[in-house]
Amino acid sequence: MVGFGSHRAGGDAAIERRQHHAMALSEDGQLAVARAKIEQSLAANPNNAHGAHGFAHVCYESGELDAARTFLSTWLTAYPREGFFYGHLNWHLSLCEIQAGEWAKALRLYRDAIALDRHSGGPQQKISDGAAFLWRSELAGHPRDAAAWRTLYDYANGALPRPGNGLADLHVILTQAVMGDDAVLDARARQMKELAQDGRYPSGSYLPALSRGFMAFERGDFATAIEVLAPLAGESERIGGSRAQHDLIEFTLLKAYLEADRQEEARHLLSARRRGGSGAPVAGVPVMH
């Protein structure tokens with residue numbers, strides 16, 4: 001009997017390769033091929049968490065939010081709460097609910113499965129999913145949860161005191177920017193630069209620069225935030241991870257355009273987004289014709 005698993009999620013090597021291939025194809029815009037491949041994988045093992053994860057990504061890339069909501073909300077009912085992917089797949093579902101305007105449902109998912117004391121993953125996943133949910137919620141117009149940010153900030157500084165993984169570091173510096181801890185943020189940026197100079201930090205100068213953009217955004221200095229973030233938004237693949245995770249950067253730039261009343265640049269950013277992809281749940285987004 002094929003069962004649920006954690007990291008390998010109960011699938012054999014061929015099935016797992018198909019899942020990763022499907023995710024790569026979806027981010028390359030080959031959506032029909034990606035959808036067929038991930039459906040084959042799920043047909044071979046419906047209980048496979050890697051397959052469910054791949055399906056969530058394909059739906060995100062194709063803008064099929066209702067399909068993702070229906071699939072994930074059903075699939076997760078049978079997946080163990082302590083399973084490695086439980087928190088992260090609920091994060092994917094929460095993005096769909098935010099996009100759909102279902103804030104109450106998104107908040108329930110956060111409190112039940114994404115908040116620091118409820119997430120089933122390791123430190124990097126806890127920090128990444130928690131910070132991304134909180135930030136994207138604010139960009140969508142929902143109130144800041146200062147206590148949740150403080151808890152996440154304290155945990156991040158203790159669990160990941162030094163930089164190492166670009167995607168996790170993105171979310172660590174975000175917690176530091178939100179808390180206004182310029183000294184700690186500057187220190188981490190210096191550490192990242194030192195690692196990059198030694199050839200031990202693949203994303204190079206990307207995150208130190210990004211930290212300045214987040215700091216400016218938090219201060220309400222949207223002109224500086226735009227100046228910093230605009231050239232970085234198109235290079236987010238340097239930190240690893242997926243478009244579902246990188247969109248946080250582009251959405252922050254979009255919000256900065258809106259706050260600075262630079263509507264034409266906001267429209268241009270929206271029009272340049274990949275066709276068929278998920279929308280931009282950012283408060284004040286102009287109607288596109």
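The side chains of R35 and E64 are joined by a polar contact of 2.7 Å (a pair of N or O atoms within 3.5 Å; within protein, one must be able to donate a hydrogen and the other to accept it, and residues adjacent in sequence count only if both atoms are side-chain atoms). This is a predicted model, in which local features need pLDDT of at least 70 and side-chain atom pairs count only at pLDDT 80 or more, while totals for chains, interfaces and linings use all residues. Residues are numbered from 1 along each chain as its sequence is written, and side-chain values use heavy atoms, without hydrogens and water.

- R35 belongs to helix α2, residues 31–44 (helices are DSSP runs of H or I, at least four residues, numbered from the N terminus).
- With a relative accessible area of 19%, R35 is buried (under 20% relative accessible area, 1.4 Å probe, protein chains only).
- Beyond its neighbours within four places in sequence, R35 is in contact (heavy atoms within 4.5 Å) with F55, V58 and E64.

**Helix α13**
- Just after α13, D261 adopts a positive phi of about 55 degrees.

**Nonpolar cores**
- In the largest nonpolar core, of 59 residues, L207 and L210 touch the most other members (a core is a set of buried Ala, Val, Leu, Ile, Met, Phe, Trp, Tyr and Cys residues joined through side-chain atoms within 4.5 Å).
- The largest contribution to this core, nine residues, comes from α13.
- Another core, of 13 residues, lies apart from it and includes A52, W75, Y79 and A113.

Terms used. Helices (H or I, at least four residues) and strands (E, at least two) are DSSP runs, numbered from the N terminus. Buried means under 20% relative accessible area, exposed over 50%, partly exposed in between (1.4 Å probe, protein chains only).
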